Amino acid sequence: MPSGNPYPLGLRLAGRWVLVVGGGAVATRRVPALLDAGARVLLVAPELTPALRAHVDAGRLDWAQRRFEDTDLDGVWLVQVAIDDPVAAEAVSAAAARRRVFCVRADDRDAATAWTPAVTRHGPVTVAVLGGGDPRRSMAVRDAIRGFLEEVGKAPLLSDPALAEALPSTRSGRVALVGAGPGDPELITVKGWRLLTEADVVVADRLVPGLLLDELRSDVELVDASKIPYGPARAQEEINRILVDRARAGSFVVRLKGGDPYVFGRGGEELLACAAAGVPVTVVPGVTSSIAVPAVAGIPVTHRGVAHEFTVVSGHLAPDDPASLVDWAALARLRGTLVVLMGLKNLAAITATLRAHGRAPGTPAAVVQEGTTGAQRLLRSTLGEVADAVRDAGLRPPAVVVLGEVVTVLGADSIT
């Protein structure tokens, strides 16, 4: 490629096609930003990570389950090559060059016609930093700018030699359990975001906000925890092993979890595994969907004179399942708010059990799908009818179910 400084440009991709070749970790990190820009994304790959498959299942992008073909470039404005096969990557970028379509290459930035900058977002402001080919320099400048934008203190200047010296000692050999919040990337805590920018390894759940992954340094190892095989218990053992092994190897590992690490997030199991191995752990609480999702949908979980209590319960097991630890009969007798997480599959059984134990069928009910995100959907109903309404509306996980008088306290038309 000819030498020269890159020309910075903000691409307005809304409604325009972008081709992403590859379905692995790099694509998982890049696709959310393209979707956030309003791009129409064609993803070409024989296989996808679970996070990318979730975008396909939700209808957010098109997937061609095969290898790249030249015709994939028809009508495309930008290409992102997210594969580590240099021969296949060169074939894609050569085809893009023949059509004069800019091409980003994850495997070889010198062979690319466009670079992906280090990006930070603050409301309507987007700052992109190109560090002359040095990813760590780009990230360091980006992080300093974000610190100023969020007014969380004076970020160190690049001229300060302490910056380069401090990062390795603060990042090595430990684990942070970080709650990423319910879906909106801006709902992660300041501390959680800061630790994420320092991470060497990020072990991420399926429900973490995708835009947070887009802001990781290019050299960060991203482990998609939702892709780990076996059953739930074996998968958790493997996650524990990854956290301990990476930390013992000297890496700073961030375990990024949707919502809060300790609200049905198995954070306690991961902390115990690390403690048993002598690995130090920092716990960063997250904004839990049990409160935040109803809130953004116009439903306060408590309200003066209406509800003096709220209970959060897991609905991943049916009420009649012998393994269930929930006393549904006791919950039916409560007068306050009941919030059910992971309960969509068993919603019919849950509502029937609550009614059978005395909860009035006319109790207001609401279901919020993908709360705090641009795909949020809200359904209002009653305890007696909500299961059928959810089925008819085609709502799907992740969703939060709220039962109680608080559902209507702010009015059915209070949220657009």
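Modeller: The part to examine is an open sheet of five strands, with the order 13-14-17-15-16 and mixed pairing. Strand 13 and strand 16 (377–382) stand at its edges, and each has a single partner strand, so one side of each is left without a neighbour in the sheet. On average, neighbouring strands of this sheet are turned by 20 degrees against each other, direction ignored.

Some terms and conditions belong here. This is a predicted model, in which local features need pLDDT of at least 70 and side-chain atom pairs count only at pLDDT 80 or more, while totals for chains, interfaces and linings use all residues. Residues are numbered from 1 along each chain as its sequence is written, and side-chain values use heavy atoms, with hydrogens and water left out. Helices (H or I, at least four residues) and strands (E, at least two) are DSSP runs, numbered from the N terminus. Two strands pair if DSSP finds at least two bridges between them. In general, strands of a sheet pair through backbone hydrogen bonds, either parallel or antiparallel.

Which residues of helix 10 are buried? Helix 10 covers residues 289–296, and its buried residues are Ser289, Ser290, Ala292, Val293 and Pro294. Buried means under 20% relative accessible area, exposed over 50%, and partly exposed in between (1.4 Å probe, protein chains only). These buried residues pack against strand 13 (310–314), strand 14 (337–341), strand 15 (364–369) and strand 17 (399–403). After helix 10 comes glycine 298, whose phi is positive, near 85 degrees.

Elsewhere, aspartate 72 has its place in the loop between strand 3 (62–64) and strand 4 (76–81). Aspartate 72 is also buried, with a relative accessible area of 6%. Leaving aside neighbours within four places in sequence, aspartate 72 is in contact with Leu19, Leu42, Val44, Arg66 and Arg67.

Key:
Contact = heavy atoms within 4.5 Å. Axes fitted to C-alpha atoms, helices over the stretch in contact; angles between N-to-C directions.
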